[in-house]
Amino acid sequence: MSASPLHRALGLVTSQIPETTFEFYSDATLGVAFLATAIIAAKRMSYSRSQGGAETTVVTAFYSLILLTATLRTIWLIVPSTFWSPYYTPHAVMAFDPNHPEWVLKFLEILLVGAGSLCLFSIFILILVYWADILKKYFYPGARRSKPMVTFLVLVSVLLIVQILNATLFLMKNYSTEGMILVKRIVWITVTGNLFFFTRAFIETIFAVMLVVYWHKYGTVAEVFSHTLWDAYILLKHWSEVAILALMLYILQSRFTTNMDGSGDATVDGGKNGYQTVPDSDPDGLTYQPAATLSV
């Protein structure tokens, strides 16, 4: 009986080489960058929680997601890739395969990377949910609005269920780790389809198309992941994540400092709860009725 396509695929990956020196130092540098991001996010989150108030609650949620994302990425990148698998590039391994005991660690690695991606995209889901709520409030003042945090939790829960289903199908031997990678690519394409994340969506789309083509033609994606191509993917993907997280920390800190500097000047910090009182009269003697304007 001839060998199945899956066993032929497993045979192909034995020719792959371990992690190169460039890949080792590249991952270590990325790990340090994410670690620095995690430390800054932890300090900002601690300070934000001590302030109290509705606005700081939302800011604390953002800091918490940034901290989770950076921490999970740090763990994955700081730990040498040889701990997870003898191969640096992805390769096909079936669950409970006695000939490949490394499947357990490879499975845990995929879960770790997936959890980090889920936390990363949760940040942007939270932004979109609150933007939608703000726009609905001002364009449809009388309309009934759902709570933004409830909407956020529902959307994130759906993505989490997809991740759990993906892992379950792998453990049931419906497909190998290659299948898990392909499913994740498709999910992240749908999540990252926005202008701000165009570069990430473009990269994921290219890889998804390549995976589908090779899977259909050869029954494996082992030939896709050369070291050069995989290195380029990792560098573009994760340095863009570092840049985005750092930018969000800067934006949140700038906004938070402006509102919480304690100066007491309504023209600077927008007054209590972001509102600013309009003076009763102007220098020309015209009188105004008391009113309040929202400081944007």
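1. Let's begin with a term you will need: a contact, or touch, means heavy atoms within 4.5 Å. With that in hand, look at Asp27, which touches Glu19, Leu77, Tyr88 and Ile234, leaving aside residues up to four places away in sequence.

2. A word on what you are looking at. This is a predicted model, in which local features need pLDDT of at least 70 and side-chain atom pairs count only at pLDDT 80 or more, while totals for chains, interfaces and linings use all residues. Residues are numbered from 1 along each chain as its sequence is written, and side-chain values use heavy atoms, with hydrogens and water left out.

3. Now the overall plan. The protein has 10 helices and two strands; these are DSSP runs numbered from the N terminus, with helices being H or I of at least four residues and strands E of at least two. Along the sequence the pattern reads α-α-α-α-α-α-α-α-α-α-β-β. Among contacts with a separation of 6 or more, 69% join residues 24 or more positions apart.

4. How much of the protein is buried? Of its 296 residues, 41% count as buried, where buried means under 20% relative accessible area, exposed over 50%, and partly exposed in between (1.4 Å probe, protein chains only). The accessible surface comes to about 16,500 Å², and 69% of that belongs to carbon and sulfur atoms. Such areas come from the Shrake-Rupley method with a 1.4 Å probe; for residues, only the protein chains shown count as cover.

5. Next, the interior. A nonpolar core is a set of buried Ala, Val, Leu, Ile, Met, Phe, Trp, Tyr and Cys residues joined through side-chain atoms within 4.5 Å. The largest one has 43 residues, and those with the most contacts inside it include Phe34, Trp76 and Met248. Two or more residues each come from helix 2 (21-49), helix 3, helix 5, helix 6 (148-171), helix 8 (198-218) and helix 9 (227-260). Helix 5 gives the most, with 11 residues. Another core, of nine residues, lies apart from it, with Ala95 and Tyr175 among them.

6. Met248 touches Phe62, Ile66, Ile123, Phe124 and Ile127, not counting residues up to four places away in sequence. Thr74, in helix 3 (residues 54-78), counts as buried because its relative accessibility is 9%.

7. Which side chains meet in salt bridges? The structure holds three, a salt bridge being a side-chain nitrogen of Lys or Arg within 4 Å of a carboxyl oxygen of Asp or Glu. Arg73 and Glu241 form one of them (2.7 Å, N to O). Arg73 lies in helix 3 and Glu241 in helix 9, so this pair ties together parts 168 residues apart in sequence. Both Arg73 and Glu241 are buried.

8. Lys106 pairs with Glu109, with the closest N and O atoms 3.1 Å apart. Both sit in helix 5, three residues apart, or about one turn of the helix. Asp133 and Arg145 also form a salt bridge (2.9 Å, N to O). Asp133 is buried, at 15% relative accessible area, whereas Arg145 is partly exposed at 36%.

9. Finally, back to Asp27, which lies in helix 2.
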